[in-house]
Structure formats: structure tokens, C-alpha cells
Amino acid sequence: MRIIPSILAIMALGSLIFSCSSGSEGKKTEQDLYTDAQNCSERGEFESAINTYENILELYPDSPRAYKAQFLIGFVFSENLKDQQKAKENYQKVIDKYPECDLADDARYMIEMMETGAEPTISDTTMSSSE
């Protein structure tokens with residue numbers, strides 16, 4: 001009988017460890033995915049965060065918040081992975097696909113700062129879970 005609690009504990013631990021894996025996201029809501037991506041970023045699991053934001057774009061392409069996932073992909077590449085080329089590509093997608101969104105000007109700003117070599121400044125990067 002002691003084996004059942006051990007198995008349950010292992011299963012619970014496994015679900016925590018693999019919460020950023022792409023296989024567990026198919027049944028989650030858009031908000032759940034945003035939360036997962038933010039949690040991955042907070043733990044330093046930046047590739048997993050990007051994969052999760054990409055899953056949002058795949059699963060919820062017509063969402064009024066899809067542009068945020070696209071922007072946050074650029075942000076993770078820029079700020080965490082220091083891959084300016086991929087960051088620019090993703091910021092440009094925000095501008096091209098969502099020109100009227102509230103982050104299009106921020107995407108332009110980020111690209112401009114990267115091109116001039118200046119350090120971009122963004123005061124609030126927590127938009128993924130609160131909007």
C-alpha cells in the first residue's frame with residue numbers, strides 16, 4: 001500500500017518538472033499557456049518559454065492577444081538569449097501582422113534600439129499574464 005503514495009508523489013513531481021514541455025500544452029487554455037511561458041522565463045527556461053509562446057500562436061492564431069505572444073518571443077530573444085537577429089525578426093512580425101496593436105510601436109522601438117546599438121528600456125514585461 002505504501003507504493004501508491006510514492007507513485008502519486010512521483011507523478012506530481014513529474015508534472016511540475018515537465019510543465020514547460022510542449023507535449024502538455026495541447027489541452028490548455030490560452031491563458032494557461034501564457035502563464036506557463038511566463039513561469040518558464042522566470043525559471044530561466046527561455047527556449048521552453050519561446051516554444052510555449054509559439055504554441056499560443058499555433059493554437060490560438062485568431063486570438064485578440066496573439067500579438068502579445070509574438071512580441072514576447074522577440075523580447076525573450078532580445079533580453080534573455082541575446083539573439084538580436086531573431087528578436088528583430090519576431091518584432092517585425094508584430095509590426096507586419098498586427099500593425100494596429102498596442103505593441104507595434106514598442107516593437108518598432110526595440111528594433112530601432114537594436115539597430116543603433118542603444119540599450120532598449122521597457123519598464124513592464126509582465127503583460128503576458130495580466131492582460
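Asn-90 lies in helix 5, helices being DSSP runs (H or I, at least four residues) numbered from the N terminus. The model is predicted, so local features need pLDDT of at least 70 and side-chain atom pairs count only at pLDDT 80 or more, while totals for chains, interfaces and linings use all residues. Residues are numbered from 1 along each chain as its sequence is written, and side-chain values use heavy atoms, with hydrogens and water left out.

At 8% relative accessibility, Asn-90 counts as buried (under 20% relative accessible area, 1.4 Å probe, protein chains only). Residues up to four places away in sequence aside, Asn-90 touches Gln-70, Ile-73, Gly-74 and Phe-77 (contact: heavy atoms within 4.5 Å).

Residues of helix 5 that meet helix 6 include Ala-87, Tyr-91 and Ile-95; among their counterparts in helix 6 are Ala-107, Ile-111 and Met-114. By class, this contact has nine nonpolar, two polar and three charged residues (nonpolar: Ala, Val, Leu, Ile, Met, Phe, Trp, Tyr, Cys and Pro; charged: Asp, Glu, Lys and Arg; polar: the others, Gly among them).

Three aromatic pairs were counted (rings of Phe, Tyr and Trp, its six-membered ring, with centres within 6.5 Å; planes under 30 degrees apart are stacked, over 60 edge-to-face, the rest tilted). Tyr-67 and Tyr-98 form a tilted pair, at 6.3 Å centre to centre and 55° between the planes. Tyr-67 is in helix 4 (residues 66-80) and Tyr-98 in the loop between helix 5 and helix 6, so the pair ties together parts 31 residues apart in sequence. Tyr-67 is buried at 11% relative accessible area, and Tyr-98 is buried at 18%.

Note on methods:
Helices (H or I, at least four residues) and strands (E, at least two) are DSSP runs, numbered from the N terminus. Buried means under 20% relative accessible area, exposed over 50%, partly exposed in between (1.4 Å probe, protein chains only).
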